[in-house]
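Hi everyone, thanks for coming.

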Amino acid sequence: MGNPVEVIQSVKLDDENSTLILLDQTVLPNETVFLELKEMEDVWEAIYQLKVRGAPAIGIAAGYGVYLGTKKSTAETYEELYCDFTKVKEYLASSRPTAVNLFWALNRMDERFKKEEGKTVSEVKAALKEEAELIRAEDEKICESIGQYALSLLEPGWGILTHCNAGTIATAKYGTALAPIYLGQEKGYDFKVYADETRPLLQGARLTAWELQQAGVDVTLICDNMSSIVMKEGKIQAVLVGCDRVAENGDTANKIGTSGVAILAKHYNIPFYVCAPLSTVDLACKTGDDIHIELRPSEEITDKWYEKPMAPKDVKTYNPCFDVTDHSLITGIITENGIAYAPFNETLPKMFKSTK
């Protein structure tokens with residue numbers, strides 16, 4: 001198939017047919033299916049059902065989605081069009097409450113809309129398309145920059161543990177936590193990657209292992225509860241994970257199980273790095289206690305992936321989608337503008353200043 005970094009674009013716009021095209025991540029690795037979505041209900045469902053997932057990819061899909069929803073409007077004035085735009089924006093915003101990129105992208109589209117005040121309806125629609133394309137193009141550059149900063153922390157031949165999927169299919173290109181692995185591969189770093197399966201949705205097993213294997217990276221799949229033994233055996237020299245939201249103090253929300261990996265890394269004195277585009281850093285969110293944790297359906301634990309239920313009928317379940325890794329467990333937060341170290345409430349704001 002070839003390197004997915006080069007050939008897979010998980011979110012793209014077919015403007016001629018007013019269609020959002022998404023790689024359906026729920027059927028990987030057994031099938032490679034691209035969904036063609038025209039209705040906002042289908043875009044909402046794709047985000048909610050994790051058919052598109054990964055914070056940057058969600059943001060790109062939201063940008064394209066709100067553009068396509070607004071494109072359909074028959075409004076004849078700027079004010080009428082903004083009313084229709086707002087309805088689409090608020091509807092898509094209700095799909096995933098934890099992923100800050102969703103709201104970041106929708107708010108960015110809102111800001112662009114307001115800058116076009118006084119323009120014709122067709123001019124505003126064209127501006128929204130342009131902004132959505134910018135979100136995608138900028139993410140590609142951001143991921144490459146994160147990868148270069150992360151690679152500066154790693155040594156050739158290292159064993160690297162990752163959790164969930166923060167690869168090319170979760171972004172515009174390269175990924176965040178996997179970006180240094182792809183860039184290192186180009187330089188012959190010969191990393192040995194250990195991918196947690198990431199229960200209950202198995203994004204590590206289905207997605208990370210798949211794309212790294214396709215790219216020719218040395219990848220070993222392990223169950224989530226095996227992280228401790230591979231660390232103890234000296235197989236891991238660094239942990240790299242992505243994230244969905246970073247609070248001002250450095251607390252980080254990521255796929256469920258991430259905080260446990262961070263605790264283990266601390267115990268074994270292994271550096272734990274979070275790869276975070278600045279779009280996921282929410283300085284208005286003071287601590288991890290302020291991050292809303294999405295609860296998912298019971299069936300993801302009891303039935304999904306199994307031919308028959310693997311738990312007693314009607315057993316109570318608790319299925320949070322994310323957990324929060326305390327800032328004290330994080331060695332550094334790698335952004336596109338540099339690496340933030342503790343105290344994060346001082347260093348993270350400086351990352352934004354360097355963009356000016």
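This is a predicted model: local features need pLDDT of at least 70, side-chain atom pairs count only at pLDDT 80 or more; totals for chains, interfaces and linings use all residues.

As a reminder, side chains of opposite charge can pair when their charged atoms come close.

Let's start in helix α5, which covers residues 100–115. Here the side chains of K114 and D110 form a salt bridge, with N and O 3.3 Å apart. These two residues are 4 places apart in the helix, so about one helical turn separates them. D110 is also buried, with a relative accessible area of 7%.

Next, look at R112. Its salt bridge partner is E116, and the closest N and O atoms are 2.9 Å apart.

Now move along the chain to R296. This arginine makes a salt bridge with E300, where the closest N and O atoms lie 3.0 Å apart. R296 counts as buried at 8% relative accessibility, and E300 counts as buried at 7%. Going back to R112 and E116, they belong to a network of salt bridges that share partners, which joins R108, R112, E116, K119, E130, E131 and E138.

And then there is K125, in helix α6, residues 121–151. K125 is buried, yet it has no salt bridge. Which side chain of opposite charge is nearest to K125? That is D84, 7.8 Å away. A salt bridge needs the nitrogen and the carboxyl oxygen within 4 Å. What does K125 touch, then, leaving aside residues up to four places away in sequence? The contacts are Y67, T70, K71, S73 and L81.

Last, the cysteines. For anyone thinking about disulfides, a search of the whole structure finds 0 of them. Take C223: the nearest cysteine sulfur belongs to C164 and is 16 Å away. C223 counts as partly exposed, at 28% relative accessibility. For C275, the nearest cysteine sulfur is that of C243, 8.5 Å away, and C275 is buried, with a relative accessible area of 1%.

Terms used: Residues are numbered from 1 along each chain as its sequence is written. Side-chain values use heavy atoms; hydrogens and water are left out. Buried means under 20% relative accessible area, exposed over 50%, partly exposed in between (1.4 Å probe, protein chains only). Lys and Arg count as positive and Asp and Glu as negative; His and the chain ends are not counted. Contact means heavy atoms within 4.5 Å. A disulfide is a pair of cysteine sulfur atoms within 2.5 Å.
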